[in-house]
Amino acid sequence: MTKYKLIGPITQLVSMNGLPLKGALKDEQLPIILNAGILIEEEHIHSIGNYIELKEVANSLKAEITELQSEYVCLPGFIDAHTHICFSGSRANDYAMRNSGKSYLEIAKAGGGIWDTVTNTRTASQEELCHGVIKRANHLLKNGITTIEVKSGYGLSTQEELKMLRAIKEANLHLESDLVSTCLAAHMLPKDYDGSQQEYLDEIASTLFPKLKLENLTNRIDAFVEQSAFSKEDIAPYFKKATEMGFDITVHADQFTAGGSEIAVKVNAVSADHLEASTDNEITMLAESDVISVALPGASIGLGCDFTPARKILDAGGALAIASDWNPGSAPMGDLLTQACILGTFQKLSNAEVLTGITSRAAAALKLEDRGRLAPRMLADFCLFSTNNFNEILYHQGKLTPSQVWKRGDVVYKQ
Ligand code: NIG
Ligand code: FE
């Protein structure tokens, strides 16, 4: 028998329905239902609307009713569209060195940085990595994040990248939240690789890509396009092969120097992420394309660098998602809501722009059409915050966390 549930009354339900994917947004555009209810059918939303009206429908369907006794604001479950939460080890020493004046790239050149995490991650077993992902994903769930993208990229050989992606796949089976995995074997040329950049990329494409398909490990390929990693010229044939095999592309672009977003647009990537160094040229190029721009304020906070020019991207007509980039090096905080709030204050974003950046527009950055909004047939993924005004959520800069998190129609966390 089909299982129905009704929850409400909810003081304000911000559905995110009907908002454009691209461009600036005003808070007045946010679709808000007052005294709302959510009628759930199994894992999905059956309908949203006025609680009293939905209660009649719910009774006729013999729905289980959760009647809320105080005021709540409801938002779609948050989506963190860019993380590296599969790793082992800590880079606390890198952080201290950076704050004492060494740059991220200087530390990388001296053998620290990404390579340090590669060394630790290679030493860890698949099971240990899986446990780490579960622990971090459960931490994110308490902050309302019900979908998390997770990259490999600390293995940097066919076998070690497979170990990471298998750990992510395994973790997904044990979690309430959904993981979306991405292969980032092109994070840097491994220091122990006996060959050129092109040879490494060719080897990954010919040996790892088919296995990703065979084991259903991911349908997304990412690369770090940067002076210290891969140039846009080097990465073009790699992306071409990936596209020919049917993978979606995403790019670590314009973090320290511009270049990555150009290739992202050329290969029609799903998203270009970072963009701290994007100039007006790149911003226009991205805005005129279908590529979603993903700002990663956690990396700016972790490295003490400029923020992604989010205001300019939106004003140029671009689509802006916001993600945490949680990783042990550049973005160790792992708190999407706090970081999105901070980006909002520094870049003068409306609350609508910040909230769509971690819901509806973040879903687009992962090509997920079944979440990020609250509407019939969408997944019943949502958060309830103990307040009567949605503006309170960003105002508290991450300190107001959800009282309840619902995933696929069930309460999975309660404070
Ligand atoms: O998105 N920029 C490259 N990759 C990661 C950092 C990874 C690391 O420092 O371990 C990023 O910031
Ligand atoms: Fe990243």
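A donor here is an N, O or S atom within 2.8 Å of the metal. Keep that cut-off in mind as we walk through this structure, which is a predicted model.

Let's start at the metal. The iron ion (ligand 2) is coordinated by the NE2 atoms of His82, His84 and His252, together with OD of Asp325, at 2.0 to 2.3 Å. These distances fall inside the cut-off, so the four residues count as donors. Read along the chain, the donors of the iron ion follow the spacing H-x1-H-x167-H-x72-D. That pattern brings distant parts of the chain together: His82 sits in the loop between strand E6 (78–80) and helix H2 (92–99), while His252 belongs to strand E10 (residues 248–253), 170 residues apart.

Now follow Asp325 over to the other ligand. Besides coordinating the iron ion, Asp325 has a polar side-chain atom 2.9 Å from an oxygen atom of ligand 1. How much of ligand 1 does the protein bury? Taken alone, ligand 1 exposes 320 Å², and the protein buries 100% of that.

The space taken by ligand 1 is the largest cavity. Ligand 1 has 15 residues around it, and the closest are Arg91, Tyr104, Tyr154, Gln255 and Ser330. Sorted by class, that shell has 9 polar, 4 nonpolar and 2 charged residues.

Two backbone details are worth a look before you go. Leu156 is found in the loop between strand E7 (145–151) and helix H6 (158–173), and Leu156 has a positive phi of about 55° although it is not a glycine. The other detail is a cis peptide bond between Gly8 and Pro9, with omega about -5°. Pro9 has its place in strand E1 (residues 4–14).

Terms used
Residues are numbered from 1 along each chain as its sequence is written. Chains are lettered from A and ligands numbered from 1 in the order in which they are written. This is a predicted model: local features need pLDDT of at least 70, side-chain atom pairs count only at pLDDT 80 or more; totals for chains, interfaces and linings use all residues. Side-chain values use heavy atoms; hydrogens and water are left out. A residue is near a molecule or strand if one of its heavy atoms lies within 4 Å of it. A polar contact is a pair of N or O atoms within 3.5 Å; within protein, one must be able to donate a hydrogen and the other to accept it, and residues adjacent in sequence count only if both atoms are side-chain atoms. Accessible areas come from the Shrake-Rupley method with a 1.4 Å probe; for residues, only the protein chains shown count as cover. On a 1 Å grid over the protein atoms alone, a cavity is a set of points where a 1.4 Å probe fits but cannot get out, and a pocket is an open set with protein on both sides within 12 Å along at least five of seven lines; lining residues have an atom within 4 Å of a point. A molecule sits in a cavity or pocket if more than half of its atoms lie within 2 Å of its grid points. Ala, Val, Leu, Ile, Met, Phe, Trp, Tyr, Cys and Pro count as nonpolar, Asp, Glu, Lys and Arg as charged, and the others, Gly among them, as polar. Donors are N, O and S atoms within 2.8 Å of the metal (3.2 Å for Na, K and Ca); water is not among the atoms, so sites may look incomplete. Helices (H or I, at least four residues) and strands (E, at least two) are DSSP runs, numbered from the N terminus.
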